[in-house]
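Please examine the structure below, and then consider the questions that follow it.

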Amino acid sequence: MFKKIILAAALAVSAVFAQIDVSAHAAFSYGTISGKGMDDMDWGAGFIVGPEVKYSFNPMVALVTGLELDYRRASYDYFVEYDRYLDPDLRNYTVTETMSFMYLDIPLLLRVSPVPFFFIDAGMTFGFNLSATYAMEYDGGSSSDDVSASMKTFEYGLVCGLGFTVFTDLEFNFRAAFGMTSMSKNTDEFKNMRLQFGITYWSF
């Protein structure tokens with residue numbers, strides 16, 4: 001009887017691990033900061049990289065999670081114009097203000113595959129701020145400051161997307177991420193919004 005219990009437990013554990021896949025995930029991201037007073041904020045390029053784990057309940061439904069480094073960037077340009085009648089030696093120039101962030105993200109996505117080669121993702125993501133930098137470039141000069149202290153440690157967001165599976169282990173995916181909580185301690189209107197174009201290789 002005891003041997004049968006051990007065998008049943010071993011089979012159950014084997015079945016669980018047989019449904020788990022581990023991947024290497026990398027994505028190009030393009031996003032900005034949304035909210036009141038952020039209409040002029042430009043979109044900036046970033047990247048996401050890290051492992052993902054997929055637990056398949058059946059061929060059509062799976063749960064995807066992971067642990068990913070998320071580099072975000074957004075900038076704002078404005079033109080400074082001087083009155084040459086007051087001082088002819090002054091010249092006009094453009095100022096670029098840039099915000100750069102590094103987050104550790106934990107996505108939690110429900111994946112539905114209506115057909116074997118196509119899937120839809122929807123769920124949430126939990127982000128933990130690792131660093132934040134504010135930089136300014138102006139008239140040949142530049143400055144940079146660490147502003148991590150003004151950022152919230154935790155961020156919650158929603159994610160939706162879709163993708164295609166190629167050659168069984170390789171997939172291309174698109175995701176849109178929308179921050180539901182503010183990144184900044186100073187305002188509630190400082191929310192992340194990014195588009196992600198990624199590739200995932202399920203290697204294990």
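Q: Which strands each supply at least two residues of the lining of the largest pocket?
A: The model is predicted, and its largest pocket holds about 340 Å³ of space. Of the 18 residues lining this pocket, those closest to its centre include Lys54 and Ser113. The strands that each give at least two lining residues are E2 (42-56), E3 (61-66), E5 (93-115) and E6 (118-138).

Q: Which element gives the largest share of the largest nonpolar core?
A: The largest nonpolar core has 10 residues in all, among them Met99, Phe101 and Met151. Met151 touches Met99, Phe101, Ala132, Met183 and Phe190, among others. In soluble globular proteins, nonpolar side chains tend to be buried together. The largest share of this core, 3 residues, is supplied by E5.

Q: Is Phe167 buried or exposed?
A: Phe167 is found in the loop between strand E8 (154-166) and strand E9 (170-179). Its phi is near 55°, a positive value in a residue other than glycine. Exposed means over 50% relative accessible area. Because its relative accessibility is 72%, Phe167 counts as exposed.

Q: Over which residues is the pLDDT below 50?
A: The mean pLDDT of the chain is 84, and 82% of its residues reach 70 or more. Where pLDDT is low, the predicted coordinates should not be read in detail. The stretch with pLDDT below 50 has 1 contact beyond near neighbours in sequence, and it covers residues 2-18.

Notes: Residues are numbered from 1 along each chain as its sequence is written. This is a predicted model: local features need pLDDT of at least 70, side-chain atom pairs count only at pLDDT 80 or more; totals for chains, interfaces and linings use all residues. Side-chain values use heavy atoms; hydrogens and water are left out. On a 1 Å grid over the protein atoms alone, a cavity is a set of points where a 1.4 Å probe fits but cannot get out, and a pocket is an open set with protein on both sides within 12 Å along at least five of seven lines; lining residues have an atom within 4 Å of a point. Grid points are joined across faces, edges and corners, and a volume is the space filled by probe spheres set on the points. Helices (H or I, at least four residues) and strands (E, at least two) are DSSP runs, numbered from the N terminus. A nonpolar core is a set of buried Ala, Val, Leu, Ile, Met, Phe, Trp, Tyr and Cys residues joined through side-chain atoms within 4.5 Å. Buried means under 20% relative accessible area, exposed over 50%, partly exposed in between (1.4 Å probe, protein chains only). Contact means heavy atoms within 4.5 Å. pLDDT is the predictor's confidence in each residue, from 0 to 100. Lists of a residue's contacts leave out its neighbours within four places in sequence.
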